[in-house]
Each structure stands twice: as structure tokens, then as C-alpha cells.
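Please walk through this structure with me, one local feature at a time. Keep the sequence and the 3D view side by side.

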Amino acid sequence: MTTTEEATTVIPDFGDDDEERKICFICSKGNLDMAYPALIMANGALSEGVEVDIFFTFWGMDMINKGTWEKLQFSMLGNTAMHMPGSTKHIPQGLGGLPGMTAFATHMLKKQIADLEVPEVPEFMQMLHDMGARFWACKMSVDMMGLTKDDMFDGVEDIINVNEFIELSNGSQVIFI
Amino acid sequence: MSVATIAGHEVQIDEEGFMTVYDEWDEEVGTALAGQIGIEMTEAHWKVIRFLRSDFAEQGQTATIRRVATVGGVPTKELFTLFPKKPAKKMAYVAGLPKPAGCV
């Protein structure tokens with residue numbers, strides 16, 4: 001019995017010889033809940049050996065702007081999927097507009113994320129940079145917002161225009177958030 | 001589920017080849033598993049593998065890259081050098097543990 005099973009020794013396929021795969025994320029939103037999807041997917045992609053570029057544009061600039069990246073917020077407004085804790089009952093939209101509600105919702109979401117040992121945005125960006133992700137800032141957004149490279153996370157490679165982005169994303173899978 | 005012979009030890013493996021029984025692993029087995037995927041073990045590799053083993057014994061799940069970096073104290077960049085391209089899965093494989101279940 002053992003001799004036949006010995007012959008079945010399986011070595012996992014880690015895809016070392018697979019063709020290089022590339023994913024480009026476009027981050028266009030600066031809400032806390034819209035910052036995380038790209039970060040989490042990029043982390044997964046990098047740990048699977050996939051090359052990752054992230055292009056930040058419009059409100060997504062807040063994710064790499066050192067003045068704002070720690071202060072991203074989550075609003076209940078416009079989010080009809082907000083439920084009472086532990087229930088499927090919807091929270092009335094009007095409540096989201098009450099003073100202090102955005103701060104409260106942001107605090108709750110940050111706590112839930114921290115409970116899963118997922119880092120806050122600045123630490124997450126540094127981790128992705130360490131894993132080999134490349135970050136790019138959108139030229140038009142930078143001009144519109146009056147920013148310079150000094151305002152941004154050191155891990156940002158460069159400020160590039162859309163033509164350069166289209167060029168560098170050649171052959172990549174592109175995910176717009 | 002099948003049985004494989006790794007470094008003279010009979011061990012249970014799943015369909016992908018990951019070991020499934022924590023106590024069937026020892027460092028000799030780890031060295032052989034690493035060799036099968038082209039990794040030559042050094043002290044730096046063992047630091048990671050020993051952390052994964054002890055963390056699994058305490059937590060009941062395989063540490064993610066972030067946990068190895070923040071709790072195990074091995075920088076993320078180094079993990080990509082030691083276990084190229086897919087460090088999370090390769091570390092788990094060499095340590096005789098399941099692939100990490102967490103996302104981050």
C-alpha cells in the first residue's frame with residue numbers, strides 16, 4: 001500500500017514558471033470604505049506573485065496625500081446598505097446627516113477593520129510598497145488640487161499623465177475603484 | 001488526502017501537497033519540503049518557519065505575511081527574498097501548515 005502512495009508525492013504548483021501577470025488598480029475615491037478594496041486586493045495580488053501598479057486620481061489622491069491619508073472618513077449618507085448592528089434592518093438615510101454621525105460611523109468602521117488586524121491606510125500603503133507595489137499620482141488631479149510630490153507618500157514613484165498610465169498598464173488587468 | 005514519504009518520514013498531505021498533520025513535521029521534513037520547491041534553508045528561513053510553527057500552535061491558524069512581519073519581526077521585503085513570489089503559501093508549505101486563511 002505504501003509503495004504505491006509514495007509514488008503519488010505531490011509538490012504544489014506555485015506558478016514560478018507561469019507567465020508574468022500584472023494588475024493595475026485605479027483609485028478614484030477618498031472615502032475610507034472605498035480606499036480599502038484596492039489595498040486588500042493589491043495585497044492579495046502581491047502575495048500571489050502578481051505585479052501591481054496603483055494609479056491615484058481625483059478623490060483617490062487623499063489616499064497618498066500625507067495631509068489626508070490618516071483622516072479618510074466613512075459616511076452613511078448615500079449608502080443604503082447600512083444596517084442596525086447585528087440586524088438586516090436598514091438605518092434611515094436621514095440619520096447619516098445628523099452632526100457627528102460621519103465621525104461615529106468612521107470610528108466604528110475603523111474599529112471593525114482593526115479588530116481583523118488589518119492596518120490603517122498609511123501603514124497599509126507602506127506594506128504594499130515593501131511588497132513591491134508601484135504607486136502613481138495623476139497629473140491632472142495634482143494640478144487641480146495644487147499638490148506637489150512633497151505632499152505625497154514617499155513611496156509614490158512619480159506624477160504621470162493619462163497617456164503614461166495607459167502605456168504602463170499595457171497588458172495589465174485594470175480594476176477601477 | 002494521501003500519504004507521502006518526505007525525508008524518510010511518512011506524512012499525510014492534501015491534494016495540493018500541503019501537509020495536514022502538525023505533529024508529523026520536523027526540521028528534517030522542512031528542509032526536504034523546501035528543497036522540493038527550490039529553497040535552500042538558511043538561519044533566516046528557519047526564523048520564519050519557527051515563528052509560523054509556534055504561532056500556529058498558539059493561534060490555530062497560519063500567520064499571514066503581515067503577521068509574520070508585525071508579530072514575527074521579519075520585514076515584508078525580506079519574506080519576498082527568502083520565499084520568492086508567493087511567500088505566504090511557500091512559508092506555509094515548508095512549515096507543514098495549511099495555507100493562510102486570512103486576507104491581510
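The side chain of B:Thr64 reaches the backbone oxygen of B:Val104, at 3.3 Å. This is a predicted model, so that distance is a computed one. B:Thr64 sits in the loop between α2 and α3 of chain B. Its relative accessible area is 12%. The cut-off for buried is under 20%, so B:Thr64 counts as buried. Leaving aside residues up to four places away in sequence, B:Thr64 touches B:Pro100, B:Gly102 and B:Val104.

The buried residues are B:Pro87, B:Ala88, B:Lys90, B:Met91, B:Ala92, B:Tyr93 and B:Val94. A lysine is on that list, as B:Lys90. What covers them? The cover includes four helices of chain B: α1 (27-36), α2 (43-59), α3 (65-70) and α4 (76-82). It also includes α2 of chain A. After α5(B) comes B:Gly96, with a positive phi near 70°.

Now follow α2 into chain A. This helix spans residues 32-47, and helix α3 of chain A spans residues 101-115. Their axes come within 11 Å and cross at roughly 25°. Angles under 35 degrees count as roughly parallel, so α2(A) is roughly parallel to α3(A). Which residues meet? From α2(A) come A:Leu32, A:Asp33 and A:Tyr36. From α3(A) come A:Thr106, A:Leu109, A:Lys110 and A:Ile113. By class, the contact has four nonpolar residues, one polar and two charged.

Last, the cysteines. How many disulfides does the structure hold over all chains? It holds zero. Take A:Cys27, which is in no disulfide. Its nearest cysteine sulfur belongs to A:Cys24 and is 11 Å away. A disulfide needs the two sulfur atoms within 2.5 Å. A:Cys27 has 1% relative accessibility, so it counts as buried. A:Cys138 is in no disulfide either. For A:Cys138, the nearest cysteine sulfur is that of A:Cys27, 12 Å away. At 8% relative accessibility, A:Cys138 counts as buried too.

Note on methods
Residues are numbered from 1 along each chain as its sequence is written. Chains are lettered from A and ligands numbered from 1 in the order in which they are written. This is a predicted model: local features need pLDDT of at least 70, side-chain atom pairs count only at pLDDT 80 or more; totals for chains, interfaces and linings use all residues. Side-chain values use heavy atoms; hydrogens and water are left out. Axes are lines fitted to C-alpha atoms, for helices over the stretch in contact, and angles run from 0 to 180 degrees between N-to-C directions. Helices (H or I, at least four residues) and strands (E, at least two) are DSSP runs, numbered from the N terminus. Angles under 35 degrees count as roughly parallel, over 145 as roughly antiparallel, 65 to 115 as roughly perpendicular and the rest as oblique. Contact means heavy atoms within 4.5 Å. Ala, Val, Leu, Ile, Met, Phe, Trp, Tyr, Cys and Pro count as nonpolar, Asp, Glu, Lys and Arg as charged, and the others, Gly among them, as polar. Buried means under 20% relative accessible area, exposed over 50%, partly exposed in between (1.4 Å probe, protein chains only). A polar contact is a pair of N or O atoms within 3.5 Å; within protein, one must be able to donate a hydrogen and the other to accept it, and residues adjacent in sequence count only if both atoms are side-chain atoms.
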